[in-house]
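Subject: Structure handover

Hello,

Here is the structure for your files. Please load it before reading on.

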Amino acid sequence: MLRQLLRGEMLSQTLQQWVDNHGGRQVVVQTLRDGMSHDVDALAFFEQQVNRYTTESQKAANLNMADSTYYAKRGRFYEQLRHLLDHLPSLRPTTIIGLPIPLTPLVGRQAVLQELLELCREYRLVTLHGIGGIGKTRLAIALASYIANAGFAQEVVFIDLRNEYTVHDSWHALLNRWFGDPKADLTSYIQQSNRRTVLIIDNCEHIRAVAEMLLPLLNFGNISIITTTQIALSINGERRFPVPALSLEEGILLFEQRARDLNRQVERRQTEQIVQRLAGHPLAIEIAASQLLLVSLNDILAMTNVEMLEIESLANGSASHRTLRQMVEYTFSLLNDDVQAACLRLALFEHHFSLAQATQAFKVNWRVASGLVDASCLEGSVDSRGETRFSMPIVIRLYARQVALERDVYHQLMLEFTQYWANEIKQMLQRWEQTIERAKDHGELLTPMNDLSLLRESYTTIRGCLQWAAIYEHTQLLELVGGLWKFWLHYESPEGRLWLRSAMSMASEQQRSELQQILVLFS
């Protein structure tokens with residue numbers, strides 16, 4: 001509205017009434033300042049003009065000039081404002097080049113977009129980082145519109161590197177998209193132009209040496225870059241933004257919207273279960289929803305993990321994203337052999353784990369773990385104790401386990417993993433009992449110990465070992481149960497009784513007698 005007013009596109013009388021009012025004039029001046037906040041030269045020139053106008057206005061008031069003189073000065077002020085709008089790049093409408101137009105509306109993500117917009121104001125290189133199908137490209141497209149509406153860039157250029165394979169080809173693609181000429185002189189253009197430009201470069205993981213392309217661009221102060229990638233760029237000054245999964249509510253809305261697109265009705269309770277199972281992964285939700293053309297919600301819920309990986313989207317989309325397996329296969333192909341091997345092992349953790357646990361269980365070192373984090377195959381967070389814990393996105397975990405089965409290494413890995421937990425449980429419970437004894441000796445109040453709490457946090461993973469051992473390795477099941485019964489007893493877990501009875505059916509006569517005595521304690 002301000003731009004329309006000052007360009008004379010609305011009644012000049014409205015403008016005069018607005019500017020004549022002292023508060024209104026301040027609004028005009030402050031709005032112009034905000035619009036030029038990223039253009040130092042423009043802002044300095046504008047402040048000079050405002051000071052000059054203020055000084056002249058004060059002189060006119062002191063001299064008690066005639067109305068005609070006052071209106072003449074006021075008219076010159078309007079002309080100055082129009083001049084500023086016509087010549088200051090910060091106030092020109094934003095030009096958007098090459099932006100794809102999605103076929104479906106973006107569902108949710110408003111909070112994430114606002115956070116990204118603030119990061120783009122603060123940093124000149126922002127990387128949207130995450131696994132395939134998490135929604136990086138859709139966010140980048142929506143972010144372009146947010147940037148244009150915010151008015152802090154005069155030019156937004158979108159370039160997709162999906163079909164480029166070298167830095168040289170990528171340069172040509174960028175120049176062709178930006179200027180319509182793959183041989184354009186970028187340096188001359190930037191030096192002659194004072195336009196603030198935001199480059200959005202999508203699918204950067206396709207170019208291994210993409211830093212060679214980005215670093216020269218960052219030498220120009222009026223250029224900012226937003227990238228999307230599955231592999232972190234690791235460039236100095238880069239601000240990584242791990243793209244999160246959808247919230248439960250956003251995931252439900254997305255599934256419901258895609259169901260409506262197919263003219264299908266869905267029940268919220270079942271939809272919620274599907275979204276939770278898929279951990280809010282947008283592509284997984286969309287592929288699952290596309291199955292409604294053929295099957296019911298109950299059929300989707302009944303699918304095994306393998307079936308969920310293999311089902312093909314029945315909606316048009318990227319050829320590389322027809323199935324979850326195709327999407328994760330591409331991510332996996334970006335990893336070197338050591339990192340791939342570590343991914344197969346760490347996929348056995350059902351929930352959060354520490355680097356120490358990864359090292360003790362599978363000898364995964366910091367360098368390899370870092371490679372998985374950079375490839376979006378591990379996500380790190382800090383727990384209430386201030387310790388870093390890692391988790392693997394569910395689609396990566398499912399795929400890695402399937403690959404381990406296909407390579408005929410899954411059961412050997414599970415045997416090693418179960419043995420690790422059998423030993424770890426013994427050590428944790430021994431430390432816990434020793435702490436209790438020390439507390440009794442000193443007359444201290446007994447409280448649940450840290451080791452037992454850690455065991456409880458890892459119990460989802462331990463349950464997976466119990467389930468595997470019950471089918472494939474009965475000796476390991478008996479060893480796990482022999483260590484866990486104190487844990488189950490302490491937390492009054494009804495699950496403990498079931499595992500004890502299951503172990504008794506596989507035990508020798510002497511072992512059954514010992515387990516029976518333990519089972520009595522649960523009565």
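Below are the notes on folding, cores and helix packing.

This is a predicted model: local features need pLDDT of at least 70, side-chain atom pairs count only at pLDDT 80 or more, and totals for chains, interfaces and linings use all residues. Residues are numbered from 1 along each chain as its sequence is written, and side-chain values use heavy atoms, without hydrogens or water.

**Overall**

The protein has 26 helices and eight strands. These are DSSP runs numbered from the N terminus (helices: H or I, at least four residues; strands: E, at least two). Of its 523 residues, 47% are buried. Buried means under 20% relative accessible area, with a 1.4 Å probe and protein chains only. Contacts are heavy atoms within 4.5 Å. Take those between residues at least 6 apart in sequence: 70% join residues at least 24 apart.

**Cores**

A nonpolar core is a set of buried Ala, Val, Leu, Ile, Met, Phe, Trp, Tyr and Cys residues joined through side-chain atoms within 4.5 Å. The largest one holds 121 residues. Leu346, Phe417, Leu466 and Trp488 touch the most other members. Helix 21 (residues 410-441) gives the most to this core, with twelve residues. A second, separate core has 24 residues, including Leu161, Leu174, Leu199 and Ile223.

Thr323 sits in the loop between helix 15 (305-310) and helix 16 (324-333). Its relative accessibility is 7%, so Thr323 counts as buried. Beyond neighbours within four places in sequence, Thr323 contacts Ile287, Leu309, Glu310, Ile311 and Glu312.

In helix 16, the buried residues include Leu324, Arg325, Met327, Val328, Thr331 and Phe332. They lie on the same side of helix 16, because they cover an arc of only 160° around the axis. The arc is taken from the directions from the helix axis to the C-beta atoms. Their cover includes helix 13 (282-290), helix 15, helix 17 (337-346) and helix 20 (394-406).

**Helices 23 and 24**

The axes of helix 23 (residues 459-472) and helix 24 (residues 474-490) come within 8 Å and cross at roughly 145°. Axes are lines fitted to C-alpha atoms over the stretch in contact, and angles run from 0 to 180 degrees between N-to-C directions. Among the contact residues are Leu466 and Ala469 of helix 23, and Leu477 and Trp488 of helix 24.

Best regards

Definitions and conventions:
Buried < 20%, exposed > 50% of the residue type's maximum accessible area, 1.4 Å probe, protein only.
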